Amino acid sequence: MKKVLGALLLGATIVSAFIAYSMYTNHSAKQTAAIEQKQAAKKAEKKTEKKKKPVLKVEDLTYQLKDFRTGQVMKEFKPVHYKDKDVYDQEIKQLASELAKGIDTPMQNIKMDANGSLTGGSKQIILKEAELVKNLQNLNTKQLDVKVPIYETAPNVTAASAQGIADVSLASYSTRFRPSDTSRNRNVQLSAEAINNVVLGPGDSFSYNQTVGERTAERGYQPAPEIINKQLVMGIGGGICQTSSTLFNAIDGAGLQVTARSHHSKHVGYVPAGRDATVSWGGPDFKFTNNKDYPVIIKAYANVNTGVLTVDVRTSQHAI
């Protein structure tokens, strides 16, 4: 009997232990499941947050166009058409052109006065439009500052380098005009005085329109015949193209680099065919660059008594 009772007690103990273990494991499983459920919920919540967070796009941002030299903000720009390449390219090219109009300044060349001293002159300022367009084509969402590439070039001549600059002639050219045509001759004379004694250092550029300036009655220019659309018409400053054409032949003979030149619409009599250089304020210009490694000086003189205009390009003896 004792053995039977012992066996029953042992069995009851084993059953109780099994029930307790089952209850424990079920509780632990529920806890584990609850933890895993919470973790899954957090992950799902984070994914939802990421989906809700807006993605930055170039076309939604506002960029600051800054002067490369000073860091000053020149303009704020919103690239709303960034995804439409053709429209956007046209837009930024127009933007670059408009900015350049307010920035670009031709070089004002240095002159030599009657005492042999250098006077005047100012630097050339250029906004490089193609470079700005490239910068605007490569916008990103991390950098909102856009460099506006503006470069300055000062006249490259000093008192020391200009010593003896008028000693030697590199090339000279003369043309003739009628002494009796007083109004036209006055225009030739004024334009010759404007280019006389201009000094160009190595690499310096020259613009006829910039150097001579606007031809107006207030500045002394007279009405005289000029060629427009193959016709001779009266205009203030008629005759100044003889000065620009004479200058062209002189600098061409000296081997300087012509960068802009246009022909008249009909033949002119003061230079051979194809050897002219027409100019007009706000229109065609005559430009060249001193491509020598030494400075040169332009000498120009219109003798209204003999009717001879001469342009001479000179430099110092030790320079050549």
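Leaving aside its neighbours within four places in sequence, with which residues is F286 in contact? The legends below begin with the whole predicted model and return to this residue in the third view.

View 1. The structure shown is a predicted model. Of the 320 residues in the protein, 36% are buried. Among contacts between residues at least 6 apart in sequence, 67% join residues at least 24 apart. The accessible surface amounts to about 18900 Å², and carbon and sulfur atoms account for 53% of that surface.

**View 2. The largest nonpolar core of the protein has 36 residues.** The residues with the most contacts inside this core are I195, F206, Y208, L247, F286, F288 and I298. Two or more core residues come from each of the helices α4 (182-195), α5 (208-212) and α6, and from each of the strands β9 (198-200), β15 (296-303) and β16 (308-315). Helix α6 gives the most, with seven residues. A second, separate core has 22 residues, including L95, I103, L136 and I150.

**View 3. The surroundings of F286.** Neighbours within four places in sequence being left aside, F286 is in contact with F206, S207, Y208, S244, L247, F248, I251, V258, A260, R261, A277 and V279. Among these partners, F206, Y208 and L247 are, like F286 itself, listed with the residues that have the most contacts inside the largest nonpolar core.

**View 4. Helix α6 spans residues 240-254.** The helix has 15 residues and reaches 21 Å from its first C-alpha to its last, close to the 21 Å expected at 1.5 Å a residue. It is mostly covered, as 13 of its 15 residues are buried. An α-helix has 3.6 residues a turn, so residues three or four places apart point the same way. Just after α6, G255 takes a positive phi of about 85°.

**View 5. An open sheet of six strands has the order β4-β3-β9-β15-β16-β8.** The pairing in this sheet is antiparallel. The edge strands are β4 (118-119) and β8 (168-176), each of which pairs on one side only. Seven bridges join β15 and β16 in the antiparallel sense. Y301 has T310, in β16, as its bridge partner. Helix α4 packs on the sheet and touches β3 (110-112), β9, β15 and β16. The direction of α4 makes about 160° with that of β15. Helix α6 also packs on the sheet, where it touches β8, β15 and β16. The direction of α6 makes about 150° with that of β8.

**View 6. N197 lies in the loop between α4 and β9.** Most residues other than glycine have a negative phi. The phi of N197, however, is near 70°, a positive value in a residue other than glycine. Is this residue buried or exposed? N197 is buried, because its relative accessible area is 16%, and a residue under 20% counts as buried.

**View 7. Strand β6 (residues 145-148) has a covered face and an uncovered one.** In a regular strand the side chains alternate between the two faces of the sheet. In β6, V146 and V148 form the covered face, whereas D145 and K147 form the uncovered one. Four bridges join β6 to strand β1 (residues 63-67), and the two strands run parallel. Among the residues that take part, Q64 has D145 of β6 as its bridge partner.

Definitions and conventions:
Residues are numbered from 1 along each chain as its sequence is written. This is a predicted model: local features need pLDDT of at least 70, side-chain atom pairs count only at pLDDT 80 or more; totals for chains, interfaces and linings use all residues. Side-chain values use heavy atoms; hydrogens and water are left out. The expected span of a helix is 1.5 Å times one less than its number of residues. Buried means under 20% relative accessible area, exposed over 50%, partly exposed in between (1.4 Å probe, protein chains only). Contact means heavy atoms within 4.5 Å. Accessible areas come from the Shrake-Rupley method with a 1.4 Å probe; for residues, only the protein chains shown count as cover. A nonpolar core is a set of buried Ala, Val, Leu, Ile, Met, Phe, Trp, Tyr and Cys residues joined through side-chain atoms within 4.5 Å. Two strands pair if DSSP finds at least two bridges between them. Axes are lines fitted to C-alpha atoms, for helices over the stretch in contact, and angles run from 0 to 180 degrees between N-to-C directions.
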